[in-house]
Every structure is written in C-alpha cells, then in structure tokens.
Amino acid sequence: TKKQGSNNFTIYSKELDFKTIFKVAVEKDLKSAIENNEFELFYQPIVNLKTEQLNGMEALLRWTHPTLGVIPPDNFIPISEESGQIISIGKWVLETACRQNKEWQNAGHPPFKVCVNISTIQLKRPDFVDAVKAILHKTELAPQWLELEVTESILMENTEVVKDSLRQLKKLGISMSIDDFGTGYTSLSYLRQFAFDRVKIDRSFIEDIESDLNGKAITSSIIALAHKLNIGVIAEGIENEGQLGYLRDELCDEGQGYYFSRPMPAEKHIFPYGSKNY
Ligand code: C2E
Ligand code: CA
Ligand code: CA
Ligand code: CA
C-alpha cells in the first residue's frame, strides 16, 4: 500500500465528502445486488374510489444492502441512473413485476394492472420497446395488465426515439401514466397528444388538501381538465378519511396511499381485495 503524506490526506478529506463516499460505495455494491438477490419488489394497491375495488398494484423497489440495511429507492435510483445501472435494474423490476402479476392471475384472482416505474433513462433507449416485448413474451403477461409510470421530465425529451417508443407501447396495448403530476411544467393538453391514459397527482398536493386552498384548487382543476381530455386521475399518498372524502367529492377516479395499504411484499397481500377490505 502507498504511504499517504499529510498533504494527500488533506486533499482526500476535502474531496471525498460523505455523499461522494456513499455514491461510490452504492455504485460498486449495486453491481452485485441482482445476482445476490438483494432486491425485492413491494406492491401497493391502487383503488377505484367509487367502488373500492382493486384496480392495480404499483411495484416499488426495495434494496437490502448486506451491511447498510434497507436503502430507500430515492437514494439509489438516481445513482443507478447516473451510472447506467438503471438499465439492468429496470429490466429486473419489469420482469419481476410482470411475472408476479401473471402468478396472481394464475392463482385465480380477478386480474388487475401492475404499474411499474420507468426511468427516463430507460425510455430514451432505442431498444426499450423490444425489451418490454421480450419480457411480456417471457412472462406471458397480456399487455393490458401492464402500466408504465414515467415522470413529466420525459415530455421534455421531445425526441423522435421517445415519441416513437410511446406510440409503439400504446399500440402494443400497454397503458401509460404520468407520475408525480403537477410538480413539473407539463400542460395536460401535452399529455393528450402523447396519449397518456392517466395522471398521478403528486402526494405533495394531497398532503394538506383539507387545509391548503392552493392544493385544493390545483387538485380540482387537474381532475376536471383531465376528465375533459378523457384522461384518468390517480391521487397518491391518501392517508386519511378527510383526504379521501375530498377526492371522492371531486370525482377523482383512483387512489393510493397508507389509508388503503402500505407497500408490502407480494405474499403479504390478502385477496380478494374489495370494498373495505384494506
Ligand atoms: P413514486 O413512484 O412517486 O412512489 C410513491 C412513493 O410514495 C413510494 O415511496 C411509496 O412508498 C410512497 N407512499 C405511498 N403511499 C404513501 C402515503 O400514503 N404516504 C406517504 N408518506 N408515502 C406514501 P418509495 O417506495 O420510497 O419510492 C420512492 C420513489 O422511488 C418512487 O416514487 C419512484 O420515483 C422511485 N422508485 C421506486 N421503485 C422504483 C423502480 O422500480 N424504478 C424506478 N425507476 N423508480 C422507482
Ligand atoms: Ca410511481
Ligand atoms: Ca408518484
Ligand atoms: Ca415521487
């Protein structure tokens, strides 16, 4: 090993701050996370607010690091996007979610959609649609039971590759939703143009919806306009009866949040879901 002079050490301690060390470690350890079975998908119900029936399950990635324990996706997804590792991770997520949904169907449960978060980095790749097709083929899940969630940032990527991929996915029969809607600068008419099926209103608007007049105004106008454009609306982060009541009154179509269920491993879900059984 090399001897480190004090000068060297100073440079190191300045540049390798905690964030950098964390990032380097995460990037290195992500390399073996798939083969070491450290990833797991949790699933959170998406509920029809009128009938309280189960409309779908959102797949949410969990990583249990061998020494650091559970690392939340908000911490490692951005790092994997920067390093390109999101491509292999994203394929693992998509395949695992599709296989799980097929298993639920095979078990005889009334079918519902599995909703999978897709990074803009994935959707920008020219081979993304082929990868999705291959996974549907392999898992034998019908495309109508898959929904892809992308964030508004994809609409800034106004490239031919992205537009073409969105068209092809649509043609395959896969549905598409815009995640965290309201936090970016997209107008709803833009969503219509790209044939998105649903918008998910970001949790930050739902959080204080009972007291926050702005949150109320934003939520109500998103719902009203989306409906005029024939786009469905999902509210994220519903935690209590008050929020649910407000959203019902505004005719929001679907909801998701701790009020119904936290995200849980596949085997923890008890079927059949349905009115009040959350
Ligand atoms: P997201 O797609 O907006 O997912 C919703 C997040 O809100 C999840 O956090 C979920 O556990 C949490 N949540 C759901 N209901 C409630 C509620 O009632 N109250 C509160 N306080 N939180 C609620 P999570 O699982 O930590 O995921 C965070 C983000 O990480 C996701 O945000 C998504 O952007 C990203 N992510 C998760 N899994 C994947 C994945 O497989 N691929 C990609 N590209 N991103 C993922
Ligand atoms: Ca999502
Ligand atoms: Ca979201
Ligand atoms: Ca989010």
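**Reading a calcium site and a core**

Tutor: Asp 179 bridges two calcium ions, ligand 2 and ligand 3, which lie 3.9 Å apart. This is a predicted model, where local features need pLDDT of at least 70, side-chain atom pairs count only at pLDDT 80 or more, and totals for chains, interfaces and linings use all residues. Residues are numbered from 1 along each chain as its sequence is written, ligands are numbered from 1 in the order in which they are written, and side-chain values use heavy atoms, leaving out hydrogens and water.

Student: Which residues coordinate the calcium ion (ligand 2)?

Tutor: Look for donors: N, O and S atoms within 2.8 Å of the metal (3.2 Å for Na, K and Ca); water is not among the atoms, so sites may look incomplete. Here they come from Glu 58 (OE), Asn 117 (OD1), Glu 149 (OE) and Asp 179 (OD), at 2.2 to 2.3 Å.

Student: Why does the pair Glu 149 and Asp 179 tie together parts apart in sequence?

Tutor: Strands are DSSP runs (E, at least two residues), and helices are too (H or I, at least four), numbered from the N terminus. Glu 149 lies in strand 5 (residues 146–151) and Asp 179 in strand 6 (residues 175–181), so the pair joins parts 30 residues apart in sequence.

Student: Are Glu 149 and Asp 179 buried or exposed?

Tutor: Buried means under 20% relative accessible area, exposed over 50%, partly exposed in between (1.4 Å probe, protein chains only). Both Glu 149 and Asp 179 are buried.

Student: How many residues has the largest nonpolar core?

Tutor: A nonpolar core is a set of buried Ala, Val, Leu, Ile, Met, Phe, Trp, Tyr and Cys residues joined through side-chain atoms within 4.5 Å. The largest has 69 residues, and Leu 146 and Leu 148 have the most contacts inside it. Helix 4 gives the largest share, six residues.
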